[in-house]
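Here are a few friendly notes to read alongside the picture. Take them one at a time and look for each part as you go.

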Amino acid sequence: MEVDVFLHEEWRDPRLLAPADKVVLDPRWHPDLWTPETYFKNSADGRLDKVIFPYHYMTLDRSGTVFMAARVSMKLACNMDLTRFPHDNQLCDMLLSSLIHSNDSVVLQWKSFRVTKNLSLSQFKVLDGGHGDCTKKYELKRRTEFHAGTFGCLYGRLELRRRAGYYLINKYAPSTLIVAMSFVSFWMPHEAVPARVTLSVTSLLTIVTQQYQSATPGVSYVVALNVWMIACITFVFLGLVEYALVVACIAK
């Protein structure tokens with residue numbers, strides 16, 4: 001999932017002193033300043049936005065507090081369970097951690113976490129799923145050396161509620177009508193062989209084609225939409241089998 005994040009960070013460095021209440025620092029000073037070296041742990045790709053000018057600035061006040069703001073665009077790797085697709089809700093976390101500083105030197109804390117109100121995508125409604133702490137202890141063993149440390153971690157959770165309107169109109173409604181159309185053959189006399197066979201076979205081929213053209217996610221397990229389409233195919237196929245049994249019984 002690709003997101004745009006306005007990231008605000010604030011820390012205090014007693015070695016720095018501003019000549020005024022607040023000073024905007026030159027971005028070129030950034031490599032020479034101490035920073036908490038935070039990064040998004042589950043980011044597959046990311047960049048600082050630069051449309052007209054870089055969306056990045058830093059300020060310093062008299063107390064030595066440094067404030068940094070940046071707009072970051074990134075692709076998040078989220079674990080999704082699509083078993084109930086397209087009636088599923090998904091949770092996607094943004095994991096923010098310090099790359100090199102353990103809790104001995106840096107303690108990460110949320111000041112606020114907000115999701116844009118009324119944020120809506122073509123298939124999802126995005127809600128604030130909460131935020132919290134995910135700090136954990138890491139242990140690393142290199143040959144004879146053993147390193148351990150607790151690194152701060154914060155998570156901000158996005159709740160994605162899928163909109164099922166597209167699938168109701170383009171999948172459920174047509175497949176329901178095709179199954180209902182195949183049931184019309186039950187009211188036809190058994191002597192009308194061409195009409196009943198044509199109607200049943202046409203319905204079966206149409207529903208099978210719709211199954212393979214359905215916009216299902218490429219996962220290795222069965223999702224709810226697959227169950228619906230397979231059930232529709234089964235009903236249409238059983239209607240054709242029923243007529244074959246009727247013809248066979250009459251022929252006897």
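Predicted model: local features only at pLDDT ≥ 70, side-chain atom pairs only at ≥ 80, totals over all residues.

1. Two strands pair if DSSP finds at least two bridges between them; strands (E, at least two residues) and helices (H or I, at least four) are DSSP runs, numbered from the N terminus. By that rule β3 and strand β7 (residues 89-98) pair, with three bridges joining them in an antiparallel way.

2. Residues are numbered from 1 along each chain as its sequence is written, and side-chain values use heavy atoms, leaving out hydrogens and water.

3. Now step back to the open sheet: its four strands come in the order β3-β7-β11-β8, with antiparallel pairing. At the edges sit β3 (38-40) and β8 (124-133), each pairing on one side only.

4. How many disulfides are there? Counting cysteine sulfur atoms within 2.5 Å as a disulfide, there are two. One joins Cys-78 to Cys-92, S to S 1.6 Å; Cys-78 is in the loop between β6 (65-76) and β7, and Cys-92 is in strand β7, 14 residues apart. The other joins Cys-134 to Cys-153, S to S 2.0 Å.

5. Buried or exposed? Buried means under 20% relative accessible area, exposed over 50%, and partly exposed in between (1.4 Å probe, protein chains only). Cys-92 is buried at 0%, whereas Cys-78 is partly exposed at 21%.
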